Amino acid sequence: MRPPKKDASPDTLMAHLGEDRSQYDGAVVPPLFQNSLFTFKDWDDIDAAFEDRTNRPIYTRLVNPTTRIAEKKIASLAGNNSPDIEARLTASGMAAVSAAVFHAVSAGDHVVAVKNVYGPTNNFLNSYLRRKIGLDTTFVPGTSLEQFEEAITPKTKLIVLESPSSAVFSLQNITEVAQLARSKGILTMIDNTWATPLYQKPLQMGIDLEVHSASKYLGGHSDVVGGVIIGSKERMQAIATQEGELFGGTIAPWTSWLITRSLRTLSMRLERHQKNAMEVAAFLEKHPKIRQVRYPGLKSHPQYELGCQQMSGFTGLLGFELDTDDLFRIKRFFNGLNYFQIGVSWGGHESLIYAPAISYLKELPPERFKELGISMGDMRISVGLEDAADLIGDLSDSLDAM
Ligand SMILES: *Cc1c(COP(=O)(O)O)cnc(C)c1O
């Protein structure tokens with residue numbers, strides 16, 4: 001079989017790219033290379049492999065053929081099938097975030113990051129790296145370019161974006177921030193987990209590095225923890241031989257194999273997540289016991305226009321606020337759901353609910369919630385692949401009982 005054409009569409013690429021079935025007895029599903037090392041004919045053969053060690057399999061910490069298949073597919077999504085874009089899978093989303101940050105910064109540098117980045121990313125920058133290497137990070141809301149301009153100093157080496165943010169669903173204007181950063185020689189990275197490389201293409205908008213938690217939609221079945229970094233070939237080779245090889249946050253081949261399985265259905269899963277989330281969000285928005293809904297796909301979202309400009313679709317994670325601060329009633333709603341299971345994470349086949357107050361209350365008294373813009377009744381739901389009417393019925397019943 002010949003490789004897919006350069007202009008093949010994403011669904012076709014996910015089905016065929018990176019898979020040479022003639023090498024595997026025609027097996028329609030590629031084999032799992034569950035091995036740590038690869039062996040060679042002779043001295044010259046292994047010597048030649050070392051010359052090209054970011055591409056040729058020698059040892060699975062750097063290259064594994066099963067992992068390469070998933071990496072090629074993801075790179076083709078993010079890079080519109082350009083040969084200059086490469087992806088490297090990592091052991092988790094945080095392994096991708098930490099490797100990408102370390103690629104960009106050194107001791108004493110300054111970083112500008114959006115305030116609502118993923119919690120552990122915030123912690124990594126603001127607490128861990130500040131303490132360990134004296135990294136100074138300024139956090140900005142990220143809703144206007146001026147906020148970035150004002151925060152940049154002569155020591156700024158990196159700007160960290162997450163759009164939409166998976167905590168509060170606010171967006172950044174990716175093209176504008178990328179242009180500003182380029183004009184000042186500052187590197188940019190974005191956590192693109194919410195939109196996925198199918199619905200948002202930050203590298204095409206001038207961003208240098210894109211990271212994802214593959215534990216969410218790329219995996220999609222709540223059966224893997226993994227991550228991915230995507231960028232130019234040159235940058236990705238540097239990351240592979242430095243942060244990749246030295247930190248060793250390597251993905252297991254079995255996990256990569258599952259991700260390849262998942263990528264084949266990415267676009268149909270996302271279509272359904274989007275359709276379901278739109279219907280659920282529209283229902284919640286009209287409900288008298290809901291104060292507000294935070295979903296970039298709703299016209300009422302303050303950055304709806306920007307979202308339509310820079311994304312080609314919306315996914316299934318959204319937030320809403322119950323119209324009460326009474327913890328007894330909030331728990332009655334939360335505990336009363338049937339199809340929305342209680343749990344963290346998101347992006348899998350199943351619908352989930354989480355209340356951020358469960359985490360906040362461990363560090364803050366409820367009296368301080370208001371000044372920080374947090375509410376006891378804030379809910380975050382991941383709308384899964386179940387039937388939308390059933391999901392709405394579930395929410396409706398529990399709201400009635402609240
Ligand atoms: C889950 C998540 C991560 C971290 O990914 P892991 O695979 O859990 O390490 C990073 N960013 C966002 C937005 C996430 O939701």
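These legends accompany close-up views of a predicted model.

**View 1**
The shell around the ligand holds 13 residues. Among them, Gly 93, Met 94, Asp 191, Ser 215 and Lys 216 come nearest. By class, the shell divides into 3 nonpolar, 7 polar and 3 charged residues.

Met 94 uses its backbone instead, with a polar atom 2.9 Å from an oxygen of the ligand. Trp 346 brings in a polar side-chain atom, 3.1 Å from a ligand oxygen. How much of the ligand does the protein bury? Taken alone, the ligand exposes 380 Å², and the protein buries 90% of that.

**View 1. An open sheet of 5 strands.**
The strands run in the order β8-β9-β12-β11-β10. Their pairing is mixed, and the sheet is open. Which strands stand at the edges? They are β8 (290-294) and β10 (341-342). Each has a single partner strand, so one side of each is left without a neighbour in the sheet.

**View 2. Strands β11 and β12, side by side.**
This view moves inside the sheet. Strand β11 covers residues 352-354, and strand β12 covers residues 378-382. The two pair in the antiparallel sense, over 3 bridges. Look for Ile 353: the residue opposite is Ile 381 in β12.

Domain 1 spans residues 10-263, and domain 2 spans residues 266-401. Their C-alpha centres lie 28 Å apart. How many residues does each domain give to the contact? Domain 1 gives 31 residues, and domain 2 gives 31 residues.

**View 3. A cis peptide bond in a loop.**
Find Ser 163 and Pro 164. The peptide bond that joins them is cis, with omega at about -10°. Where does Pro 164 lie? Its place is the loop between strand β4 (156-162) and helix α7 (174-183).

**View 4. A positive phi at Thr 196.**
Thr 196 is found in helix α8, which covers residues 196-199. The backbone angle to check is phi. Phi of Thr 196 is near 70°. That is a positive value, in a residue other than glycine.

Key. Residues numbered from 1 in each chain as written. Predicted model: local features only at pLDDT ≥ 70, side-chain atom pairs only at ≥ 80, totals over all residues. Heavy atoms only, no water. Near = heavy atom within 4 Å. Polar contact = N/O pair within 3.5 Å; in protein donor to acceptor, adjacent residues only side chain to side chain. Areas by Shrake-Rupley, 256 points an atom, 1.4 Å probe, with all protein chains shown as cover. Nonpolar A, V, L, I, M, F, W, Y, C, P; charged D, E, K, R; others polar. Pairing = 2+ DSSP bridges. Helix = DSSP H or I, 4+ residues; strand = E, 2+ residues; numbered from the N terminus. Domains from an automatic or database assignment. Contact = heavy atoms within 4.5 Å.
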